[in-house]
Amino acid sequence: MPLQIIIGTQWGDEGKGRIVDWYAARGEYTARYNGGDNAGHTVTVGKQIFKLHLIPSGIIHPQMTAILGNGMVVNPQTLLEEMDMLRQAGVSVSSGRLRLSHAAHLITPAHQALDKALEGKRGTGQIGTTGRGIGPAYTDKAARRGLRVGDMLTPDFDARLGNHITEANRTLDMLGAPPLDPKPVCEIFLQSAAKLRPHIADTSLELHTALQNGKTVLAEGAQGTLLDIDLGTYPYVTSSSTTASGALIGLGLGLDAACNATVTGVVKAFQTRVGSGPFPTEVFDELGRRLRGSGEHPWDEYGTTTGRPRRVGWLDGVLLKYAVRVNGVSELAVTKLDILSGMECLQLCTAYRFNGQLLTELPLVPADLDHFEPVYDELPGWSGDISAARNVSDLPPAAIAYLDRLVSLTGIPVRLVSVGPEREQVVKY
Ligand code: IMP
């Protein structure tokens with residue numbers, strides 16, 4: 001399994017971090033290929049809870065080398081803070097095991113200020129961004145005026161950063177937002193550059209060489225399929241390629257790397273979404289509160305990055321089939337099955353009704369979802385706690401029937417099922 005790409009099949013927050021952690025017990029490289037610190041990947045190891053925003057989750061395993069790929073947008077300040085957090089938790093972040101692509105783009109305070117100011121102007125059309133500057137950083141990248149990690153090492157970086165802030169100030173002014181003072185921003189960036197310099201590398205070459213030598217690379221997608229800039233519920237999406245193909249571009253790998261790749265599609269046993277946008281199977285009131293949790297546990301449905309309550313709903317099988325198709329998913333990892341325990345019956349959306357027609361595939365693009373009425377299969381629930389299950393035979397028949405329904409719906413095998421937040425709370429299916 002030389003390249004394994006682990007992606008979210010929904011709107012993010014599927015529990016990719018813990019699935020990466022499971023696979024990372026073996027292998028040599030763990031790599032992020034898209035997004036930035038808008039992501040929030042949680043790994044629970046005993047009493048330690050790691051909340052990672054930028055660094056790939058596999059770093060917690062000592063044999064792993066962690067890569068931040070060229071497809072990412074990196075806020076150096078957040079990266080340094082996250083490195084400190086890991087160091088304090090006893091995880092090595094030496095330059096030998098944490099490598100940062102010279103071609104990844106930088107997120108500056110100007111990008112963050114622009115993100116917030118632009119959201120403010122959108123009024124009722126707000127995307128509900130994380131405010132981390134992701135959209136503006138990718139905008140600069142596409143406009144070919146972005147600042148890259150490798151630029152921090154060049155003698156004219158100071159001047160280029162200053163120009164970038166001055167340009168951004170013009171836009172902030174038009175948006176009615178306060179300007180930034182370039183001097184402290186430049187100073188902080190130069191300090192960060194000095195600290196990050198040993199980590200900056202040609203990560204594309206490093207990963208290519210590793211794969212050529214038979215090493216295993218785990219590519220960890222951030223966000224989820226339905227937030228992909230091209231294939232998601234546009235415009236309510238993030239600004240990067242979250243899907244499996246994004247791993248090749250975002251890590252600088254060729255199509256040969258995809259030949260033997262495994263694509264693990266992580267799917268939460270129900271559906272969640274943060275931010276705005278269509279959500280056909282969304283539920284509210286008592287059922288919504290039941291699925292979301294009270295907020296007192298780290299695994300309740302509140303954003304890891306923003307703390308916002310997530311919208312919740314029944315699992316959408318039509319969207320899952322779509323995610324399987326556009327990612328080329330080869331196996332499924334189902335998370336949070338334990339949260340459904342104790343529910344009398346479960347609804348699984350298998351089609352939409354639209355203009356008197358029954359649709360089992362998306363007819364156009366997911367952006368039209370708002371107009372579709374979900375059609376549900378009703379499945380029996382199960383009572384009792386399944387968090388101690390480690391084998392399929394430990395699961396109640398109704399839980400097995402629910403998982404088998406996902407297999408028959410998608411035609412893809414389920415390989416792993418998580419039944420609790422702890423590292424070992426996994427059933428091999
Ligand atoms: P942005 O990525 O901050 O620009 O936000 C765009 C949309 O993606 C918003 O709806 C966010 O809530 C959502 N989003 C971004 N990152 C994540 C994530 O890691 N999990 C879930 N939703 C996310």
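Q: Two strands pair if DSSP finds at least two bridges between them; in what order do the three strands of the open sheet run?
A: The three strands follow the order β12-β14-β13, and their pairing is antiparallel. This is a predicted model, in which local features need pLDDT of at least 70 and side-chain atom pairs count only at pLDDT 80 or more, while totals for chains, interfaces and linings use all residues. Residues are numbered from 1 along each chain as its sequence is written, and side-chain values use heavy atoms, leaving out hydrogens and water.

Q: Which strands are at the edges there?
A: The edge strands are β12 (271-273) and β13 (282-283), each of which pairs on one side only; strands here are DSSP runs of E of at least two residues, helices are runs of H or I of at least four, and both are numbered from the N terminus.

Q: And how many bridges join β12 to β14?
A: β12 pairs with β14 (residues 311-313) over three bridges in the antiparallel sense, and Q271 stands opposite G313 in β14.

Q: Which helix lies across β13 and β14?
A: That is α10 (residues 285-292), which runs at about 100° to β14, with angles taken from 0 to 180 degrees between N-to-C directions of axes fitted to C-alpha atoms, for helices over the stretch in contact.

Q: Where does T304 sit, then?
A: T304 is in the loop between α10 and β14, and its side chain makes a polar contact (N or O atoms within 3.5 Å, one able to donate a hydrogen and the other to accept it) with the side chain of R310, at 3.5 Å.

Q: What else does T304 touch?
A: Apart from neighbours within four places in sequence, T304 is in contact (heavy atoms within 4.5 Å) with G40, T42, K51, H53 and R310.

Q: Last topic: at what angle do α5 and α6 cross?
A: The axes of α5 (residues 157-174) and α6 (residues 182-196) cross at roughly 140° and come within 10 Å. That makes α5 oblique to α6, since angles under 35 degrees count as roughly parallel, over 145 as roughly antiparallel, 65 to 115 as roughly perpendicular and the rest as oblique.

Q: Which residues meet?
A: On the α5 side F157, D158, L161, G162 and I165 meet P182, V185, C186, F189 and L190 in α6.

Terms used. Two strands pair if DSSP finds at least two bridges between them.
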